[in-house]
Amino acid sequence: MDQDNSSEDESVAPSGNHAEEEHPCIPPGLSDGETLEMLWQHRKQRRQLSPELPETVTCLTAPDGSILYLVGTAHFSDSSKKDVAMTIRAVQPDVVVVELCQYRVSMLRMDENTLLREAKDINLEKVQQAIKQNGLMSGLMQILLLKVSAHITEQLGMAPGGEFREAFKEAGRVPFCKFHLGDRPIPVTFKRAIAALSLWQKARLAWGLCFLSDPISKEDVEKCKQKDLLEQTMSEMIGEFPALHQTIVAERDIYLTHTLRQATRCVEAPSNGQKVPAVVVGVVGMGHVPGIEQNWEKELNINEILSVAPPSRFGWLLRTAIKGVLMGMLGYACYRAGGGLGRALLSLPAVQSLLDTMRPRPS
């Protein structure tokens, strides 16, 4: 995601007393320019030039001297949250980039208990919303992948994305720090993933995701600090589908590298407008770190990984057949229920939403 797309998040300030302790006391009577300079110098003093960082942090350098501190995390790990907080406090970055897109940004503002309930609750409304947003096959794929995340959530009693919420909170405590979303839009990923599979492969993958039941412990999560748990679970399930691994992991490595490199552009000092190298913290799943390292100095073309091929005629016929079956089942249910009750069923918001997904889209 480009930098401009995250502008709504850059203006959100942290809450709580800790934020007040992080910023200096501004004397009354200072001009705007003097205040900016004071905050700039305060951050400069707090920034450690040779910080001692967790072993999960990889340091990459841009041609203009800007530095990226890439924090590899496990999405269900308390220690990953600590790694993120420690890194941001030590290096006082100009930009923080996280492995999220605009479709998942809501998790940054939700509390842990709400997220825990949301992750476990995969209901008809969520299925309808996914299908309406991404199309039938891609929407069902999204629901199945949410089921994997929900399985891990239920096993651990811990909501995903804690390290991203920690990054969001800590970034708000650093003067002049911007917060960017760095991942490819999730509908593009799902649509490209579905297009890469044959019908038989889709059926096999759906079967594996539907019947995922292996137990997971918090010890397993910490062992997976070498590779994010969700990424590892998915890798084990899609290992026999190289094309799927390409779209879900490798292509996103390229996109994340692109957005991280955009973030490591020189920034302007407020006192004189002089360009100085940027300090950036990137927060991504551990499984993406090797790919970002490999792509860091390569010439990248992200246009080709943002395109979505039009559905094949066979896919169109399959969707039409499924819609026909659903319409037939709904019609039969209304017939059995009787005229008055049938009309009441058809007036329900959930049924109306389902009917909307089955209407042909204008070309």
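Colleague: What makes E1 and E2 a hairpin, and what is in the turn?

Modeller: This is a predicted model. In it, E1 and E2 form a hairpin with five residues between them. Gly65 sits in that turn and has a positive phi of about 95°.

Colleague: How do you know that strand E1 and strand E2 are joined?

Modeller: Two strands pair if there are at least two bridges between them. E1 (residues 57–61) and E2 (residues 67–73) have five bridges, so they count as paired. The two strands run antiparallel. One of the residues involved is Leu60, whose bridge partner in E2 is Leu68.

Colleague: What is the order of the strands in the sheet, and why are E1 and E4 called edges?

Modeller: The sheet is open, has five strands in the order E1-E2-E7-E3-E4, and its pairing is mixed. E1 and strand E4 (178–181) each have a single partner strand, so one side of each is left without a neighbour in the sheet. On average, neighbouring strands are turned by 20° against each other, direction ignored.

Colleague: Which strands in this sheet run parallel, E3 and E4 or E1 and E2?

Modeller: Strand E3 (residues 95–98) and E4 run parallel, joined by four bridges. Four meets the requirement of at least two, so E3 and E4 are a pair as well. Val97 has His180 in E4 as its bridge partner.

Colleague: What does H4 touch in the sheet?

Modeller: H4 packs on the sheet and touches E1, E2, E3 and strand E7 (279–285). The direction of H4 makes about 165° with that of E2.

Colleague: Why are H4 and H8 called roughly parallel?

Modeller: Helix H4 (residues 78–91) and helix H8 (residues 162–171) pack at an angle of about 20°. Angles under 35 degrees count as roughly parallel, so the term applies to H4 and H8. Their axes are 8 Å apart, and the crossing is right-handed.

Colleague: Which residues make that contact between H4 and H8?

Modeller: Ser80, Lys81, Val84, Ala85, Ile88 and Arg89 in H4 meet Gly162, Glu163, Glu166, Ala167, Glu170 and Ala171 in H8. By class, the contact has five nonpolar, two polar and five charged residues.

Colleague: How do you know that Glu170 and Arg89 form a salt bridge?

Modeller: The N to O distance between their side chains is 2.7 Å. The cut-off is within 4 Å, so the pair qualifies. In the whole structure, 11 salt bridges are found.

Methods: Residues numbered from 1 in each chain as written. Predicted model: local features only at pLDDT ≥ 70, side-chain atom pairs only at ≥ 80, totals over all residues. Heavy atoms only, no water. Axes fitted to C-alpha atoms, helices over the stretch in contact; angles between N-to-C directions. Parallel < 35°, antiparallel > 145°, perpendicular 65-115°, else oblique. Left-handed = near helix turned anticlockwise from the far one by under 90°. Contact = heavy atoms within 4.5 Å. Nonpolar A, V, L, I, M, F, W, Y, C, P; charged D, E, K, R; others polar.
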